[in-house]
Amino acid sequence: SLRYSTGTGGEGSEGSEAGGPGTGGSSSSGSSSAFSLAASALPERRRPGGPRPRYEVVRELGAEEVRWFYREDRKTWKPFIGYDSLRIERAFRALGGPAGDGEAAAVEPVCVRSGLYEVDVASAESYPVYWNQTEKIPVMRGQWFIDGTWQPLEEEESNLIEQEHLNRFKGHQLQESFDMEVSKPVDGKEAIHSLKLSRNHVDWHSVDEVYLYSDATTSKIARTVTQKLGFSKASSSGTRLHRGYVEEATLEDKPPQTSHIVFVVHGIGQKMDQGRIIKNTAMMRDTARKVEEKYFSNLATHVEFLPVEWRSKLTLDGDTVDSITPDKVRGLRDMLNSSAMDIMYYTSPLYRDELVKGLQQELNRLYTLFCSRNPEFEEKGGKVSIVSHSLGCVITYDIMTGWNPVRLYEQLLQKEEEELEDRWMSYEEQRLLEELYITKQRLREIEERLHGLKASTISKPPVLKFKVENFFCMGSPLAVFLALRGIRPGNSGSQDHILPRTICNRLLNIFHPTDPVAYRLEPLILKHYSNISPVQIHWYNTANPLPYEHMKPSFLNPTKEATSAPDSDSASAAPSPTTSPVMVRRHYGESITNIGKASILGAASIGKGLGGMLFSRFGRSSTTPQTLETGKDGAEGEDKKATTVGTPPLPHSSSGFLEPTVELEHRIDFELREGLVESRYWSAVTSHTAYWSSLDIALFLLTFMYKQDQEETDKSNLDTI
């Protein structure tokens, strides 16, 4: 940027460049080289506040004083950061500036806003890089600004005022002091210069005191009345203007380097509301920015969120479903066709692969595009996480694991063959079965050889071009799909039971307690976790929250123990190699949802009654009641239970319960806290779509994604100390 002191390195070089092509196209510019020499002798301009040197003179605005703005959703103009604004201004001046002759060479689009958008200076528009958007985002060059709000004047008016200001005051001495924050009264001062615009006029009371007045009839009447009452024209109806932005743009004001990208995958309903995932991701991104500034400002890295819109490109059945939809209550039917129909498409063997390939190709496209625009990302070990919502969780899971219903069908056929072998068969049937078995084995060998030949010539690319660090599920029905596919709880507390760590380092399931679409995943790994409450997600403004890995489990519902086993004491209640029976657990305390429902005495009585209930319902020997009675004494009771049970890897007491030695390697289910005045029935309707703007979720996501960076920073700080 152009600065007023010499020896500024890169900024000085940019300033001289800005003074060249940027001013060469203007009729009032003069000699750019002479101006550069004069500017190098002037001291640095300081904003906001701070005295301006008395020998500073009016000259053309430097690149660092101009500020570019963008406007989204017809809201107020937002300023680009200094790094982006300087580069846009450089491209603007290379194009010929405000008085260009139109013969300048084409200028490359300028990459802005952490690389998510590009600005076409010629058309004064901005557009996203990674997704499609119908509405273009207008950009504007700000030179004159409204006092207080620092919103820019419209570019056409701003150019006229700037041209008039330079024609009238160029080379004039500025006042000794320059206060950007306080509008000085101009009572008694006559305007020394005036400019008429289409709907307004501008008065200069001095070089630094410029006011804008509306020429609307109501404004004129108000101005006349207030002036007759003794008020000055400026103080009654004028708006003070400032030349140049409140703070200078510098190249140091740039976004941090992206070390982690998050792909945000939508669920059902995208066809009904196209572009919704883009808005939802923008909400999540903006919320994460606020949390980053508050809690992770000490880190030099940055997490970027990218929307993955996979639905709109799919053809599926075309309009066949629409053609068979009756006309009555058409609005409701169309809504269901555009939302719930996605679930039916995914369960259809005809269209399931199209949905999977659509999401897979979009994920790979986005990752390839991001790496091509950020070549240092992979070199510096950049990480990738996925946040999926609703049905998107199921499709993402199937892509990562490669699950296919054909595999389930093959398992079913194999099971039927095993059952067939067990029953009595004639000699002829046995001979035919042996021939079939040999033929199938031979066919498998041929397929493997053919596959080996193909693999040697053409290496099959991986399903995803990146390793997934964290897989966050929000409002996910994944557990239901897995249960219907035959996944049952095991005896190991490893995430590998449902999602191997080699595929994804960490699986986290986030849900609102009243979300009707969301289900828990932990009971699919260890059955007794159905009676252990999910981990409560911290409120974002909690002071010094306990780290999630240090939070101890708590009972979800102690009285649920009685319904965890069948009524009969038949052999089906005994533990099997694929199931973990309900355990006797140490009572860690009530979950957060039960606070206020039971007093401390009430909770104690529940815990006491639990032991008697377990004894009366399931007890078969004297060891169980003794263990439960001694369990009242805390750690001593735990030791006695351990000695009673023994030390196998999966110890079982004689009552058939697994002792509390098998726990999850790390927790998977995380639950948002309910609001104190929240209606459960109303939140059941709204909670499934309420994840995007939650500050609690933003902090939760960043806590896990910044975990390694935070630990390394803390370690380096300790080493320094």
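Which side chains meet in a salt bridge at 2.9 Å, N to O? In this predicted model, the pair is glutamate 362 and arginine 365. The two residues are separated by about one helical turn, because they sit 3 residues apart in helix H12, which spans residues 352-373. Their surroundings can be described one at a time. Glutamate 362 is buried, with a relative accessible area of 7%, whereas arginine 365 is partly exposed at 34%.

The protein has 721 residues, and 43% of them count as buried. Its secondary structure comprises 23 helices and 18 strands.

The average pLDDT of the protein is 74, and 66% of the residues reach at least 70. Strand E15 (residues 468-474) has the highest confidence, at 97, while helix H3 (residues 32-40) has the lowest, at a mean of 35. Two stretches have pLDDT under 50 throughout. One covers residues 1-55, where the model has 103 contacts beyond four places in sequence. The other covers residues 560-659, with 124 such contacts beyond four places in sequence.

Attention now turns to the interior. In soluble globular proteins, nonpolar side chains tend to be buried together. Here, the largest nonpolar core holds 106 residues, and the members that touch the most others are Phe263, Phe471, Phe700 and Leu701. This core lies between domain 1 (57-173 + 189-243) and domain 2 (257-420 + 466-556 + 663-720), because both domains give residues to it. A second, separate core has 15 residues, including Phe169, Leu195, Val210 and Leu212.

Beyond its neighbours within four places in sequence, phenylalanine 471 is in contact with Ile386, Ser388, Cys393, Thr396, Tyr397 and Met400, among others. Further along the sequence, its partners include Leu499, Cys504, Arg506, Leu507 and Leu508.

The charged side chains complete the account. Side chains of opposite charge can pair when their charged atoms come close. The count of salt bridges comes to 27. One of them joins glutamate 522 to arginine 520, with the closest N and O atoms 2.7 Å apart. Both partners are buried: glutamate 522 has a relative accessible area of 0%, and arginine 520 has one of 16%.

Another salt bridge links glutamate 376 and lysine 380, whose closest N and O atoms are 3.4 Å apart. In this case glutamate 376 is partly exposed, at 37% relative accessibility, and lysine 380 is exposed, with a relative accessible area of 59%. Salt bridges also form a network, in which Arg285, Arg289, Glu292 and Glu304 are linked.

Methods:
Residues are numbered from 1 along each chain as its sequence is written. This is a predicted model: local features need pLDDT of at least 70, side-chain atom pairs count only at pLDDT 80 or more; totals for chains, interfaces and linings use all residues. Side-chain values use heavy atoms; hydrogens and water are left out. A nonpolar core is a set of buried Ala, Val, Leu, Ile, Met, Phe, Trp, Tyr and Cys residues joined through side-chain atoms within 4.5 Å. Buried means under 20% relative accessible area, exposed over 50%, partly exposed in between (1.4 Å probe, protein chains only). Domain bounds come from an automatic or database domain assignment. Contact means heavy atoms within 4.5 Å. pLDDT is the predictor's confidence in each residue, from 0 to 100. Helices (H or I, at least four residues) and strands (E, at least two) are DSSP runs, numbered from the N terminus. A salt bridge is a side-chain nitrogen of Lys or Arg within 4 Å of a carboxyl oxygen of Asp or Glu.
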